[in-house]
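User: I'd like to learn how to read salt bridges in a model like this one. Can you walk me through it?

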Amino acid sequence: MSGLVLKLGPHERVLVNGVVIENGDKRSRLSVLTPNANILRLRDAIPPDAANTPVRRVCYMAQLVLSGDAATEEMRMPLLRAIEQLSQVLTDPDSRMQLTIASKAALDGQFYPVLRALRSLLPREERLLAQRPI
């Protein structure tokens with residue numbers, strides 16, 4: 001994650017390589033210079049019991065790597081399979097683009113972009129699940 005810039009609000013928490021860091025009273029900006037650092041904003045984290053839809057489950061898989069709870073190599077293939085399964089259902093061009101981004105990032109071992117691409121699908125999934133069959 002070379003060159004990542006984190007903009008943190010007051011008292012916002014972020015997980016960096018398994019360590020929780022809390023910002024102070026004022027907004028701040030941090031530059032992460034170490035490549036392959038695992039970073040997760042805790043406000044974006046999905047609790048295990050909230051991983052209850054297909055897209056949320058796949059997001060949670062990527063999150064496990066970022067939090068240090070799963071090894072990159074252990075999670076890469078299951079994550080790629082899960083992204084492929086999502087691509088069988090989410091066939092619109094925008095979803096396909098985000099799933100392609102997520103797949104490429106997973107192949108490169110870059111799990112923050114995986115999570116970012118997958119999280120962009122959450123509103124679409126919510127709308128689809130809210131629709132009732134006639």
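Predicted model: local features only at pLDDT ≥ 70, side-chain atom pairs only at ≥ 80, totals over all residues.

User: Are Arg 76 and Glu 73 buried or exposed?

Analyst: One of each. Buried means under 20% relative accessible area and exposed means over 50%. Arg 76 comes out at 14%, so it is buried, while Glu 73, at 57%, is exposed.

User: What do the buried residues of α2 pack against?

Analyst: They pack against α1 (54-66), α3 (93-107) and α4 (111-119). Arg 76 is one of those buried residues, and others include Met 75, Leu 79 and Ile 83. The helix itself covers residues 72-89 and reaches 26 Å from its first C-alpha to its last, close to the 26 Å expected.

User: Which parts does the salt bridge between Asp 92 and Arg 124 tie together?

Analyst: For that pair, the closest N and O atoms are 3.8 Å apart. Asp 92 lies in the loop between α2 and α3 and Arg 124 in helix α5, so the bridge ties together parts 32 residues apart in sequence. Asp 92 is partly exposed, at 26%.

User: Which residues do shared partners join into a network?

Analyst: Glu 12, Arg 41, Arg 43 and Asp 44 are joined into one network that way.

User: And how many salt bridges does the count come to?

Analyst: Seven. Among them is Glu 22 with Arg 13, at 3.5 Å from N to O. Glu 22 is partly exposed at 43%, and Arg 13 is partly exposed at 44%.

Notes. Residues numbered from 1 in each chain as written. Heavy atoms only, no water. Helix = DSSP H or I, 4+ residues; strand = E, 2+ residues; numbered from the N terminus. Expected span 1.5 Å × (residues − 1). Buried < 20%, exposed > 50% of the residue type's maximum accessible area, 1.4 Å probe, protein only. Contact = heavy atoms within 4.5 Å. Salt bridge = Lys/Arg side-chain N within 4 Å of Asp/Glu carboxyl O.
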